[in-house]
Amino acid sequence: MTNFADTTPGNPEPSRRSIRDEVDAALRADVRLLGALLGRILTEAGGAELLNDVERLRELTIDAYEKQNNASIEDAEKLVDSFTPVRAEQVARAFTSYFHLANLAEEHHRVRVLKTRFASPSDPAPADSLPAAIERLVDEVGREEAAERLASLRFHPVLTAHPTEARRRAVASAIRRISDLLSDRDAGQQSRLAAAEIERRLLEQIDVLWRTSPLRTTRPTPLDEVRTAMNIFDQTLFQVVPQVYRLLDDWMLDSEAGKAPVVAPAFMRLGSWIAADRDGNPFVTAAVTEEAAAIASEHILFGLEHAATRIGRTLTLDSEDTPASEALMALWERQQSIAPQVTSQIGTRSPHEPHRRVLMVVAARIVATRQGTELAYGLPDELISDLRVIQQSLREAGADRSANGELQNLIWQVETFGFHLAELEVRQHSKVHRQALEEIRAGGETSEMTQEVLSVYRTIATLQKRYGTAAARRYIVSFTQSSADIATVFALAEAALGSPEAAPILDAVPLFETFADLEASTTILDEMITLPQVQQRLAATGRRLEVMLGYSDSSKDVGPVSATLALYSAQERISRWAQDNDIELTLFHGRGGALGRGGGPANEAVMAQPGGSVEGRFKLTEQGEVIFAQYGDKAIAARHIEQMAAATLLASSPSNEEANNAATRDFADIARTLDFRSRERFFELIKADGFAPWFAQVTPMEEVGLLALGSRPARRGLSVESLEDLRAIPWVFAWTQARINLTGWFGLGSALAAVGDVDALRDAYERWPLFTAMINNVEMSLAKTDDRLAKRYLALGDRDDLASLVLDEMEITREWVRRTTGHGEILEGRPVLQRAVRLRSPYVDALSLLQLRALRAVRQSGSVDPADDTHRLLLLAVNGVAAGLQNTG
């Protein structure tokens, strides 16, 4: 595929050439290299004819996109229809492989840019960095107040296994190996022999990528999903988190960094729903949750063990120059009394190195903790206490750099991850709880479902005894509709363990998801805090309370615009309620990766929150593909964590809170108009007779359920006659695949037109952060739509009225977004993103045409066999479009 990364050979269109020329030369060279190597692999695998077919389709879709040439897209469609089933599948896999390579090249380039941009400590801190955030806070609130805010900072991502990662693990592994080879290639001047070896290995791994089926044959189990997440922890998070703390500490201490005691707090905590979220997932059982906790503990304890051993071996500080403190000698005596054999062996090897021998015994105790043997630490605090004794002894002996270096990193790691790595947060639907409690109170034999519900509480108690309360104490109640749904959590815990005293410590977290529940949230919370169990927890935690907000179902409920405004309003009300009730509130944002599920740049979203709703604490879900995008590479993970922490600090700055609060007041009338008209328009569509089956007909919604993306089913059980039980992920995924992206923008155009005042809208875009973020996200969503392809998908149904409604609203939204931003075209204000979308879109078009071919055949034949050639092509194209657009659900 020698020209796969370029335009039509010999005569590229000027507009496309200018776009390409603006892309960084290094990225362009990487994409060109990988495209050329893929072309060689395709020729080897399928002959010149395969490469010619791929090239011809590519040329036609580029021409159609650049010139909006209907003849070219019709020719491309005819070419696709002429392919044999085998050729159609090969072409789909070729374009999918290209997108995987282009995506990794972009990630690789992003890392390259990060390393270049921040190569020197003297480089000025970017505006979205932690140092810049602290400087701004100091200017606004003073040094003492800024230090207090930093000390209480908390960024809390929660990993979830929602099925939004379309890539197989084998595909992701091949991509990672290719990325590593690109890094080797960048590492410096290689000999001709070394350069040739890298190219040979690149070809080998691209061949593996091409020959690896993109489709999973079986769904991953919840424990498979746990192990996938553990790869991220092992590869990045364990090392990256202390590096981010160190970055902050180095800046704050300046020339004293490494010599003076650290001042940067361990501000990150990690949560996980993986193998704990049982809402709608029958495969997540109590036994699975317990095993998931054991797997996570094994990984963190291995990491702590290796770090303690490595650091211990370097503490070869002689007692003559670095004498032990009295506290260290007392610790050594305690170690000798509980582990005489271990201390004897270590003492023989290090007779005059007191700090080394104590830390080596600490490492041995970490091993015992992992193995569950006699020397095990009971709780992480015991380990931290021992490490601080070593650290303080080093300081007293003048070995400040040893005290504040790698040893401090280890302390930060224990503070952040404990012995559990990530707190497992159980989630279950309120309806399941109600049914279980009714059975128990009715007496008699209980169902298997109720027995499983009770087993979960026993598992939580077991996990708390083994790993500490922090390992599993949050219990999230989906579709909380009254305080009784919270009371049920505690009643079931007592039933499971036999008494309130035996029950595990639980923080019940209400999850408000639908529009009605968001509106009723503070009334429910008023009743919730009168529950005796909640009052006990408030007293024990210093009146801390967590409330979760669901972005996905509210958007499906009332449309993206009304949902955005309703969520903002709910946060305002809940924050005021918390202040009135002297409660330290943490709002937990259930955001997805796609725009229809609260996606978009998370740090911008943090800054757009209502005044008083963040207060230095931000918790959110990181789902599926987002986990790999944000945490898959060390440099990117470090940057993401820093940006989120900085935004969390700045969100509560006086200037930011005043800007948000003033904008909310100033644009209240516009908000009311946007809410009313967007919801009215959204209901015109989704409440139309026959909408649900029509939606299933014009998108690959049903077929998305055939993709083995995750352990969780795509629906809660009902047919497409109703959208109520359709999960938000396939709802978003299906519209994305149809190149319509309806869930990200529908209703906004009519709402903006109802406001009508362009000057007022532009003023709002300049001064109202929530509105700015919404318009920017809609721009991104619209940039990935294509009305030519959308018409072809919509033609699969027999409802011209609904098709016209969608297409008309798409055009109205494009027009009014341009008017509101003052830009001549979509994404004009974000040229880097605009270039990326334009360069990708023609290639995605090719896969969309292949998908349409398969979808038409499935609709005409009525086939339901997922194993036939047509379904396979359809699923391959779905997989490829997801890779090309870089989002699923």
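**Note on the predicted model**

1. Start with a loop. Phe479 sits in the loop that links β5 (474-478) to α19 (484-497). The model is predicted. The phi angle of Phe479 is near 55°, a positive value in a residue other than glycine. Most residues other than glycine have a negative phi. Phe479 also counts as buried, because its relative accessibility is 12% and the cut-off for buried is under 20%.

2. Leu827 is in the loop between α38 (800-821) and α39 (831-861). Is Leu827 buried or exposed? Leu827 is buried, with a relative accessible area of 0%.

3. Now the whole chain. The protein chain holds 40 helices and 9 strands. Its radius of gyration is 28 Å, close to the 29 Å that the globule rule gives for 889 residues, so the chain is as compact as a globular protein of that length. The C-alpha trace spans about 85 × 75 × 60 Å along its principal axes.

4. Burial and surface come next. Of the 889 residues in the protein chain, 59% are buried. The chain exposes about 34200 Å², and carbon and sulfur atoms supply 49% of that area. Contacts reach along the sequence: of those between residues at least 6 apart, 81% join residues at least 24 apart.

5. Strand β8 covers residues 584-590 and strand β9 covers residues 617-623; the two pair in the parallel sense over 2 bridges. Phe588 stands opposite Lys619 in β9.

6. A helix pair is worth checking by eye. Two packed helices are described by the angle between their axes and the distance between the axes. Helix α13 (residues 354-371) packs against helix α14 (residues 380-396) at an angle of about 170°, with the axes 11 Å apart. Angles over 145 degrees count as roughly antiparallel, and α13 and α14 are therefore roughly antiparallel to each other.

7. Which residues meet where α13 and α14 pack? From α13 come His355, Val358, Leu359, Val362, Arg365 and Ile366. From α14 come Glu382, Leu383, Asp386, Leu387, Ile390, Ser393 and Leu394.

8. Last, one arginine. Arg762 lies in helix α35 (residues 758-767). With a relative accessible area of 38%, Arg762 is partly exposed, because that class runs between the 20% limit for buried and the 50% limit for exposed. Leaving out residues up to four places away in sequence, Arg762 touches Arg819, Thr820 and Gly822. How far is Arg762 from Ile295? Their C-alpha atoms are separated by 52 Å, and the two residues are 467 residues apart along the chain.

Key:
Residues numbered from 1 in each chain as written. Predicted model: local features only at pLDDT ≥ 70, side-chain atom pairs only at ≥ 80, totals over all residues. Heavy atoms only, no water. Pairing = 2+ DSSP bridges. Helix = DSSP H or I, 4+ residues; strand = E, 2+ residues; numbered from the N terminus. Rg over C-alpha atoms; globule rule 2.2 N^0.38 Å. Buried < 20%, exposed > 50% of the residue type's maximum accessible area, 1.4 Å probe, protein only. Contact = heavy atoms within 4.5 Å. Areas by Shrake-Rupley, 256 points an atom, 1.4 Å probe, with all protein chains shown as cover. Axes fitted to C-alpha atoms, helices over the stretch in contact; angles between N-to-C directions. Parallel < 35°, antiparallel > 145°, perpendicular 65-115°, else oblique.
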